Structures are given as structure tokens and as C-alpha cells.
Amino acid sequence: MTALLAMESVDVHYGDFQALHGLTLTVREGETLAVVGANGAGKSTLMQTVAGLLSPSRGRVVFADQDVSHLPPHRRVSLGISLTPEGRRIFPSLTVEENLLVGAYRKRHGPWDLRAVYDAFPLLADRRARYGGRLSGGEQQATAIGRALMANPRLLLLDEVSLGLAPLVVRDIYTVLPQIASRGTTVLLVEQDVNQVLRTADTVHCLLEGRTVLEGPVGQVSRQQISTAYFGL
């Protein structure tokens, strides 16, 4: 598989505070790569840097052989990068369907449209006229993922998919990820649930205090290795 995304020796700062230290990460086209780590490890900073909400103070972000390090978010969406942010951030005053259509504003050519999203998330089809503010957490998360898919991304960024959701809801959402991958979408996800990572991802990348402490194919990384890296033991 060829590299779709490469972060090359990336530093990211919030003012004087450095959140990422020389981060190097490669996501190959067609794979699902999971970034794990404790709170404050730099996971969401990594995702926001890929999406264009933050810019590196050093290093490069390369997407499809193009340096996008300082490209604004809307330009990255047009290139094929879509983010499902932590906290979902759907529009409470819009219906489910209206939220989904927002995601198609800069739509690229591809397999994802309203019918495809409703096929992947049947509960959204049943609630298409319900306002976002009246949805459960799981329904909001499905809407947020569907909204990102409506842009037909080459790379889908999923930040903290399972955060605050019941286990059964998390299971249902993760059931959809193979369908997303089967349609040719590469997935970079942030997840704290190591069990989900081992069941879903092809590759795992563990962060600790903004630095890489473990990376490798899921089949070559043990649960004990992940736990040790996760807590910095």
C-alpha cells in the first residue's frame, strides 16, 4: 500500500506549550490506523493538525504527495480529508438530513450520498427529520460520521468515536467501519478503548506526552505492549 498521509518530524505548539514532539506517522491508502494514548497524550492535537485546524511549528504534513502543512481546513476537505471531531459538534437546530447535507457542501466525486449513509446507519434514516439537539449521543455520533462521509473523503479522521457512549452503541458504530473501508476510504481514528483497536485497526500508533512510544501492525503488537506504552511504564 502506498502512503496517503505522512507526518514528518512534526512539532505543534499551543503558545509556549509543545503538544507534539517530532511526530512521524504514515497512513497507507486503504488501511485503518488507530492512535491510542491517555488523556493529554496529543491525540486530538494530531487530528487537528491533519485537518488543518492547527499548523506545525516544525515538520511537514503531506497528503497524496502534496505538502498541506499550512493549507486551511476547507482546502483539505476539497482534497479529501474529513474530520469527525471529538464531541461530535453537529448543529442542534438542523435536522439529521440537514446536518448530513452540510457535509456535502464541498462534495468530491465518490460513493457516499444520502442513500449510502442511510444504508450504513439505518437509525439515521428513521430519524432524518429529527433535530440534532433531540438526538441521543449515539445518534449524534452516527450523524457526525455520516456528515464527514458526505464529503466523500479519501481520508476519514475519527476523533474519540466511543467517548461517552454506551458499549452497545459503540459496538454498532464500529460495525460500520469495515463498510466504510470497503468503499475505499482510509481511516485514521483516535481511540482509548484498546479492545476496539485490536478488533478494528490494521495498525496501532501509541502516543505518550506528544511522542511516539509504540507503533506497528496490530497482529505484531500485544495487548501488554500497548498497555505498557499507554501508561509509560
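Two strands are taken to pair if DSSP finds at least two bridges between them. Helices (H or I, at least four residues) and strands (E, at least two) are DSSP runs, numbered from the N terminus. The model is predicted: local features need pLDDT of at least 70, side-chain atom pairs count only at pLDDT 80 or more, and totals for chains, interfaces and linings use all residues. Residues are numbered from 1 along each chain as its sequence is written, and side-chain values use heavy atoms, with hydrogens and water left out.

View A. Four strands form an open sheet in the order E2-E1-E4-E5, with antiparallel pairing. Strand E2 (17-28) and strand E5 (66-67) are the edge strands, each pairing on one side only. Strand E4 (residues 58-63) joins E5 in the antiparallel sense over 2 bridges. Phe 63 stands opposite Gln 66 in E5.

**View B. Helix H1 on the sheet.** Helix H1 (residues 43-51) packs on the sheet and touches strand E1 (3-14), E2 and E4 (contact: heavy atoms within 4.5 Å). The direction of H1 makes about 115° with that of E1; axes are lines fitted to C-alpha atoms, for helices over the stretch in contact, and angles run from 0 to 180 degrees between N-to-C directions.

**View C. The aromatic pair.** The structure holds 1 aromatic pair (ring centres of Phe, Tyr or Trp, the latter by its six-membered ring, within 6.5 Å; planes under 30 degrees apart count as stacked, over 60 as edge-to-face and the rest as tilted). The ring centres of Tyr 230 and Phe 231 lie 4.8 Å apart with planes at 55°, so the pair is tilted.
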